[in-house]
Amino acid sequence: ERLSSLNTALVMVQAEVADRIAAPPGSRTYGVPSAKVAWYASARRAGSVSRSMFWPVPNVDSALVALTRREVPTAASREATFAVIDAAFAQRRKTLRAALAGLAGSPQRAEAALTAAGIESRCRGEELTITEFAAVAAVLEQLAS
């Protein structure tokens, strides 16, 4: 966000973290880190780094994640979109209608916002792309004003 000239990055993180960052919507490991990274960049796992490459040898494997900057969704602010993401994953097995009820003010308002954004209210957060999260956030921002 603060380095607008940075278009690509390669980072090394714990392998499980790399899996979460690079996970696509609908996968078992897709969650808050995946969705929030997607706000800024497309991410892909770019390789593995064995624990034997370090001294002392850690108890975890590492992996490389390649990030490529992308245009941020313009439907809503980052803050509003991240609030929707946080609410959607706060209780992972809940439907979006239930998960967003607190943020929207009621389950009915959450359902109305989801419908207006073109999202099925029985979906779960792990099914939405960053663009869809931003669309829901935009509708919620409109309802609040």
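User: Which residues form one aromatic cluster?

Analyst: This is a predicted model, and in it the aromatic cluster is formed by Y30, F89 and F133. As for pairs of aromatic rings, the structure holds four.

User: What makes W39 and F82 an aromatic pair that is edge-to-face?

Analyst: The ring centres of W39 and F82 are 6.0 Å apart, with 75 degrees between the planes. Because W39 lies in helix α2 and F82 in helix α3, the pair ties together parts that are 43 residues apart in sequence.

User: Why is the pair of Y40 and F82 called edge-to-face?

Analyst: The centres of the rings of Y40 and F82 are 6.4 Å apart, within the 6.5 Å limit, and their planes stand at 85 degrees, over the limit of 60, so this pair is edge-to-face. Here too helices α2 and α3 are involved, since Y40 lies in α2 and F82 in α3, and the pair therefore ties together parts that are 42 residues apart in sequence.

User: Why does F82 count as buried, and what is Y40 called?

Analyst: F82 has a relative accessibility of 11%, and because buried means under 20%, F82 counts as buried. Y40 has a relative accessible area of 24%, which lies between the limits of 20% and 50%, so Y40 is called partly exposed.

User: How do you know whether T81 is buried or exposed, and which residues does T81 touch?

Analyst: The relative accessible area of T81 is 0%, which is under 20%, so T81 is buried. T81 is found in helix α3 (residues 78-90), and, not counting residues up to four places away in sequence, T81 touches W39, A76, I130, F133, A134 and A137. A polar atom of the T81 side chain also lies 2.9 Å from the backbone oxygen of S77.

User: Why is V49 called buried?

Analyst: V49, whose place is in strand β2, has a relative accessible area of 16%, and because the limit is 20%, V49 is buried. Leaving aside neighbours within four places in sequence, V49 is in contact with M12, F54, D61, S62, A63 and L64.

User: How do you know that the buried residues of α1 line one face of the helix?

Analyst: In helix α1 (residues 15-22), the buried residues are A15, A18 and I21. Seen down the axis of α1, these residues fall within an arc of 120 degrees, so they line one face of the helix. What covers them includes β1 (8-14), α2 (32-40), β2 (41-49) and β3 (62-69).

User: What makes β1 and β2 the edges of the sheet?

Analyst: The three strands form an open sheet in the order β1-β3-β2, with antiparallel pairing. Since β1 and β2 each have a single partner strand, they stand at the edges, and one side of each is left without a neighbour in the sheet. Neighbouring strands of this sheet are turned by 25 degrees against each other on average, direction ignored.

User: How do you know that β1 and β3 pair?

Analyst: Strands pair if there are at least two bridges between them, and seven bridges join β1 to β3, which run antiparallel, so β1 and β3 pair. V11, for one, has V65 in β3 as its bridge partner.

Terms used. Residues numbered from 1 in each chain as written. Predicted model: local features only at pLDDT ≥ 70, side-chain atom pairs only at ≥ 80, totals over all residues. Heavy atoms only, no water. Buried < 20%, exposed > 50% of the residue type's maximum accessible area, 1.4 Å probe, protein only. Helix = DSSP H or I, 4+ residues; strand = E, 2+ residues; numbered from the N terminus. Arc of directions from axis to C-beta. Contact = heavy atoms within 4.5 Å. Polar contact = N/O pair within 3.5 Å; in protein donor to acceptor, adjacent residues only side chain to side chain. Phe/Tyr/Trp six-rings, centres within 6.5 Å; stacked < 30°, edge-to-face > 60°. Axes fitted to C-alpha atoms, helices over the stretch in contact; angles between N-to-C directions.
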